[in-house]
Amino acid sequence: MNRPSPSGKRVRVILLTQVIGPLDYRLPDWMDADVGSVVVVPLGPRKMVGVIWDEGVFGDEAVEEHRLRNVLEVIDVPPIKRGLRRLVDWVADYYLSNHAAVLRMVISSSAALSAGGTVTEYRPSGIEPARLTPQRAAALDSLVDAQGLVRELAEQAGVSEGVIRGLVKAGALEPVMVSIDAPFAAPEPDHDHPELSDLQEAAAKVMRDAVRSGGFEPMVLDGVTGSGKTETYFEAVAEALKIGKQVLVLLPEIALTQPFLQRFEARFGVEPATWHSGMKQSQRRRVWRGVAEGRAQVVAGARSALFLPFANPGLIVVDEAHEISFKQEDGVRYHARDVAVMRGKFEGFPVVLASATPALESRHMVSIGRYKGLEIPSRFGAAKLPRIEAIDLTQDQPERGTWIAPTLLKALEERLERGEQSLLFLNRRGYAPLTLCRNCGHRFECPNCTAWMVEHRLVRRLACHHCGHVMPPPDKCPECSAEDSLVPCGPGVERISDEVKRFFPEARTIVATSDTLWSPEKAAEFVALVENKAVDIIIGTQLVTKGYHFPELTLVGIIDADLGLEGGDLRAAERTFQQIAQAAGRAGRADKPGEVYIQTRNPSHPVIAALVGGDRDGFYDAETEQRRRAGAPPFGRFAAIIISSEDEREAIETARAVGGSAPQVDGMHVYGPAPAPLAMLRGRHRQRLLVHALRSVELQSIMREWLGGLEFPRSVRVGVDVDPYSF
Ligand code: ADP
Ligand code: ZN
C-alpha cells in the first residue's frame, strides 16, 4: 500500500506525550526503521517521541505528500512487536482510552529513550552545598534515594533539566556509571525440583503441555488454599524456560513480592527480575531493556508489568487472580486479569489464572468452556482444610466496648498456651473508622472527600484514606470547643491490637496493614518475625490474607464478617466470600490442624453459611444465577461515566446534559446521573452515569460516538470506567 515517494515512505506515528494523532510522517529511505520502531518526530517547533504504528496511506484525511515532515531519528531500542501493538489497540479501544496513554504504559519514557551500553546516572552525593536556590534545594529534597539520568531526575523532581545540571555542577549530585546491559542471572528449570502430588502433577501436566505446544490457552488454576498452586505453576514456568520462552508472573501486592522471590529462588536458583512502582528509574531501564532483548527470562511484577515488551513471551501467570488490586482505578482503567488474557491471545501463549477463590467471571468462563479449568481440590501433604465456625455476636457477645467474643478469646488463649500463632482479620486500617465529639456530635470529615477522617493512633494523626489528607488529633472539639470529648467509634486493626494486649498482656502482637508493610523490605521483616515465632497474634487487613504460608498459624478470627456485606454493591457477596475464604486459608497449612471463627450478627447469611458449610460451589452457583437474572456481569455489562468538577452545580449540570444526550439503543439503558459513591474526592464533586448493556450491544463504539460528540468545559473531567469493579 505504500505510495512510492522519491525520498521515503509514509508512516503513521502515535506520539507518546500527545493526545492528538496518530500523525503521518515520511520515513526517509536511508533510515533503518520499521513498523513498531520508536522514533523522534517533529511537531511544530518541538521534537516528540512516538512509535511507528502503521505504514501506508490513510484515506482522504491523509496529509498531502509534499507537506509530510520527516522522521528525525530512530531510537536504539527493539521495535514494539505486532502482538503488543495489537494489545495497545485493544486496550485503547475496549477501555475507551487514548492510544498515547496506553502506549506510555509500554514505553515508560525513561526506559525506552536510553541507549544500551553504559550510561551516566546521577544520585545525591550527600554533599549539601552551602548556597542553593530554593528551587534547587527543593529539587534536591525530592531526590532522596533517587538515581537516574538528568532527564529522569528532572521529571521526578518536576523541574527543568537545567536545575538538575546545576545541582550536578554544585556537587550535590554525583555521577555513577551504570551498565544497562549487565546480564540477568538465568533461572535453572531443574534447580530444586519438588516431587509433586498426583493432584498437582495432573494440573502441572496440562500447563506444561500448553506451554510446550504454544498457542493461546487461558486456564484457571483453581486450587484450595495450601494446595500448592505456586509449586504447581512453577512447573509451567520451568517448561517455558526449557524451551527458551519468557515468563511473566503478576502479583497483586508489592508486599507479596519478597516471599515470592524467596520461593522462586529456592526453586530456580536465582531471583527473577521484578517490576513495580517502587523501583528506581535505573532499575526500570535495565529491566525494560532486558525484557525487550530477551535477556530477562522471568519477571515478577505488579499489573503494570503486563505492558513490558517481552521479546519472546511464552506464559503469563496471574497469581491470586481474583484480587481487586488488578483493577487499575485511575488513568487507563483496565483490569490486568482481562488484559493478561488478551495478551496471550494476541501473542499466542497460555495464560494461567491461579486462585483458591476465582473471580465469578473466570469460573463462568470455565463453565461455558472458554477457559480450561484445572483443579487441585485438597491441601498438599498431611494438611487439612481448617474447621470453620460462625460466632453469632447476638448470642456470644463481646464485653461492652470490645469486639472479640468470649469463644474467640478462649481460642486465642489456647493458641498462646500451645505456642501457636493466630491471625485476627479486620479490613479496616487505623484505630477507629470514625471520631466524634461526645458533647455536640461533631464528626471529623475530610475537607476534600466524602469520607470520615480515620484515627491512626500509632502515628498520632487522623487521615483520609482517599486523598491522604492528615491532621494531628485535636485536643478539643473544633465545633463546640469541649475538651477531652472526642471518642473513637468502631474498631480498626490498631484498636483490636489494643484489645488483644488488654486481654493477653504477655502476647506478642503485630499489626499488618499497608501502613506498616508499605515496602518489600517491611513485608520481608514481617514474614521473618512470624516465621521465627517472634509473634503470637497478627492483627491484619486483607493484605495478610493472601499468599502467605505460616506453618505455625492455626487460628484465624474474622472480627466482623458483616462489614463487607453492607452497602450491597454488585460484588459485595463475592468479595466478602473471597476475603474470608482467603483469610481462613491461612490457618492450619502444615501438620497442625486449623480453626476459623467468623464473627457475625447474621450467621444464616448465604455467604457465611457457604463458608461454614464448605459449600463454595453452591455459593458461586447461586450468586451466578442472581447475576444472570439481573443481567449483571458476566451476563450483561456496565460502564460508569464519572463527571467531576470543583463546582458541584457544574458537575450536576454537565452530567445531566451527558445523560440527556444518550442515544436510544435497544438493550442499553443509562441510569443517573446520581452522586458517585465517593461524592466528593480530592476536592472535586463527582456525578455518575451508569450504563448497562446486554452483551449483544456494541457498547464501546456507541459510547465513543456519544461521548466523542460532546464538548465539555475545561473545568470538568470526564472519566469512563468500562467493567467497573464496584457500584
Ligand atoms: P497455595 O498457593 O495453593 O495456597 P502454596 O503454593 O503456598 O499453596 O503451598 C503450600 C505449602 O506447601 C508451601 O509451603 C509449599 O512449599 C508446600 N508444597 C506445596 N506443594 C509441594 C510439593 N509438591 N512438595 C513440597 N512442598 C510443597
Ligand atoms: Zn480526603
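A residue is buried if 20 or more other C-beta atoms, placed from the backbone, lie within 10 Å of its own, exposed if 12 or fewer, and partly exposed in between. This is a predicted model: local features need pLDDT of at least 70, side-chain atom pairs count at pLDDT 80 or more, and totals for chains, interfaces and linings use all residues. Residues are numbered from 1 along each chain as its sequence is written, while chains are lettered from A and ligands numbered from 1 in written order.

**View 1. Four cysteines listed in a record.** An unreviewed UniProt entry lists Cys 446, Cys 449, Cys 464 and Cys 467 under "binding site". They spread over 22 residues of sequence but cluster in space, with a largest C-alpha distance of 8.6 Å. Such annotations may be inferred rather than shown by experiment.

**View 2. Cys 446 in its loop.** Cys 446 sits between strand 17 (434-437) and strand 18 (454-456); strands are DSSP runs of E, at least two residues, and helices runs of H or I, at least four. Cys 446 is buried because 24 other C-beta atoms lie within 10 Å. Its contacts (C-beta atoms within 7 Å) include Cys 464 and Cys 467.

**View 3. Cys 467 in another loop.** Cys 467 lies between strand 19 (461-463) and strand 20 (470-471). Cys 467 has 17 C-beta neighbours inside 10 Å, so it counts as partly exposed. Among the residues it touches are Cys 449 and Arg 682.

**View 4. The shell around ligand 1.** Of the 16 residues around ligand 1 (C-beta within 6 Å), Pro 194, Gly 228, Lys 229, Thr 230 and Glu 231 come nearest. Helix 8 (residues 229-242) gives the most, with 3 residues.

Conventions:
Two residues are in contact if their C-beta atoms, placed from the backbone, lie within 7 Å. Lists of a residue's contacts leave out its neighbours within four places in sequence.
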